[in-house]
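User: Please take a close look at one part of this model, the packing of its helices against one another. I am new to this structure and would welcome a connected account that ends with the wider setting.

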Amino acid sequence: TPDIAVNNVTAHLNQLQSIATANGGSRASATAGYTASLNYVKGKLDAVGYTTRIQNFTYNGATHANLIADWTGGPSSPTVMLGGHLDSVAAGPGVNDNGSGSAALLEVALTLASRNPTLTKHVRFAWWGAEEQGMRGSTYYVQNGGAAGVESYLNFDMVGSPNAGYFVYQDDAALQKVFTDYFTSINVQTEPETGADGRSDHAPFKNAGVRVGGLFTGAEGVKSAAQAQKWGGTAGQAYDSCYHSSCDRYPANVSTTALDRNSDAIAAALWKLAVGDTPPPV
Ligand code: PHE
Ligand code: CA
Ligand code: ZN
Ligand code: ZN
Ligand code: ZN
């Protein structure tokens with residue numbers, strides 16, 4: 001399984017920061033900063049052969065957009081889907097929330113294209129709009145038949161928190177194990193994510209009966225002494241003290257170590273689930 005080049009992930013984050021700076025400081029859904037973010041990701045994917053689609057939807061009187069990208073190098077079903085939200089809050093550039101997941105997914109997608117392994121599953125990526133208004137993009141996608149044929153959905157929302165924790169969604173035991181096995185192999189202890197339910201784009205998939213998993217490095221929660229002992233960082237401080245704030249910027253508000261480990265974990269999970277003859281988790 002590939003080692004994702006974290007320098008490429010941070011280069012994408014730097015671009016997302018520049019996009020926010022050039023568009024009034026944010027990449028909020030249905031703004032110019034969001035459109036520019038979507039065009040950046042879409043351009044990279046189109047250049048390596050993905051079939052991309054912009055799915056527009058209306059919410060609160062504005063037109064929002066999801067970006068869906070299908071890899072053409074495998075079977076047409078069943079589908080392993082990976083996603084994260086591309087929009088920020090209006091208050092800031094959204095580098096950790098969720099430039100981090102967006103950039104990690106983009107680099108994993110580009111790596112899949114360059115490696116072009118034989119696949120047992122169809123692979124689809126999504127970058128959601130309007131998560132910050134209540135998971136509107138992922139909800140719209142699922143309500144309009146998007147979950148059909150999706151065997152597993154993996155969500156990545158905040159994977160580079162500056163005072164990072166290593167949390168694995170516990171919604172599905174087999175998908176949880178795919179991630180915890182990877183982190184065990186690099187000697188990083190994880191904790192199950194218990195507070196994520198209903199708080200990100202995996203929720204509509206889970207409600208539709210799709211198995212879901214994902215990773216999270218923490219938001220406004222405070223790191224304990226025991227967590228600082230095993231993960232490093234600062235006890236008594238938030239995992240991301242710039243959560244939903246103007247200071248959620250590149251490079252100050254991202255842990256390159258967390259971004260590297262989580263990007264590699266995403267690739268490991270994708271390879272485990274969709275490459276070669278590994279049977280699906282049951
Ligand atoms: N969805 C939250 C946000 O974008 C972040 C979050 C993700 C919180 C996962 C908890 C678990 O603000
Ligand atoms: Ca790496
Ligand atoms: Zn958020
Ligand atoms: Zn988020
Ligand atoms: Zn959940």
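Analyst: Helices H1 and H3 are oblique to each other because their axes cross at roughly 130°; angles under 35 degrees count as roughly parallel, over 145 as roughly antiparallel, 65 to 115 as roughly perpendicular, and the rest as oblique. The structure is a predicted model, in which local features need pLDDT of at least 70 and side-chain atom pairs count only at pLDDT 80 or more, while totals for chains, interfaces and linings use all residues. Residues are numbered from 1 along each chain as its sequence is written, and chains are lettered from A and ligands numbered from 1 in the order in which they are written.

H3 comprises residues 95-115, and its axis comes within 9 Å of that of H1 (axes are lines fitted to C-alpha atoms, for helices over the stretch in contact, with angles from 0 to 180 degrees between N-to-C directions). H1 passes H3 in a right-handed crossing, the near helix being turned clockwise from the far one by less than a right angle. On the H1 side, the contact is made by Asn 8, Val 9, His 12, Leu 13, Leu 16 and Gln 17. H3 contributes Val 95, Gly 99, Ser 100, Ala 103, Ala 104, Leu 106 and Glu 107 (contact requires C-beta atoms, placed from the backbone, to lie within 7 Å). These residues divide into seven nonpolar, five polar and one charged; Ala, Val, Leu, Ile, Met, Phe, Trp, Tyr, Cys and Pro count as nonpolar, Asp, Glu, Lys and Arg as charged, and the others, Gly among them, as polar.

H1, residues 6-22, also packs with H2, residues 32-47. Their axes come within 9 Å and cross at roughly 150°, so H1 and H2 are roughly antiparallel to each other. This crossing, too, is right-handed. Gln 15, Leu 16, Ile 19 and Ala 20 of H1 meet Gly 33, Ala 36, Ser 37 and Tyr 40 of H2. Five of the residues in this contact are nonpolar, three are polar and none is charged. In the loop between H1 and H2 lies Ala 30, whose phi is near 70°, a positive value in a residue other than glycine.

A further helix pair is formed by H5, residues 173-185, and H8, with axes 9 Å apart and an angle of about 125°. H5 and H8 are therefore oblique to each other, and their crossing is right-handed. The contact joins Val 178, Phe 179, Tyr 182 and Phe 183 of H5 to Ala 265, Ala 268, Ala 269, Lys 272 and Leu 273 of H8. By class, it has eight nonpolar residues, no polar ones and one charged. H8 covers residues 256-274, and the loop between H7 (225-231) and H8 holds Pro 251. Tyr 250 and Pro 251 are joined by a cis peptide bond with omega about 5°.

Another cis peptide bond runs from Ser 77 to Pro 78, with omega near -15°. Pro 78 lies in the loop between strands S2 (62-70) and S3 (79-85). Along its principal axes, the C-alpha trace of the protein chain spans about 45 × 45 × 35 Å.

How values were computed
Helix = DSSP H or I, 4+ residues; strand = E, 2+ residues; numbered from the N terminus. Contact = placed C-beta atoms within 7 Å.
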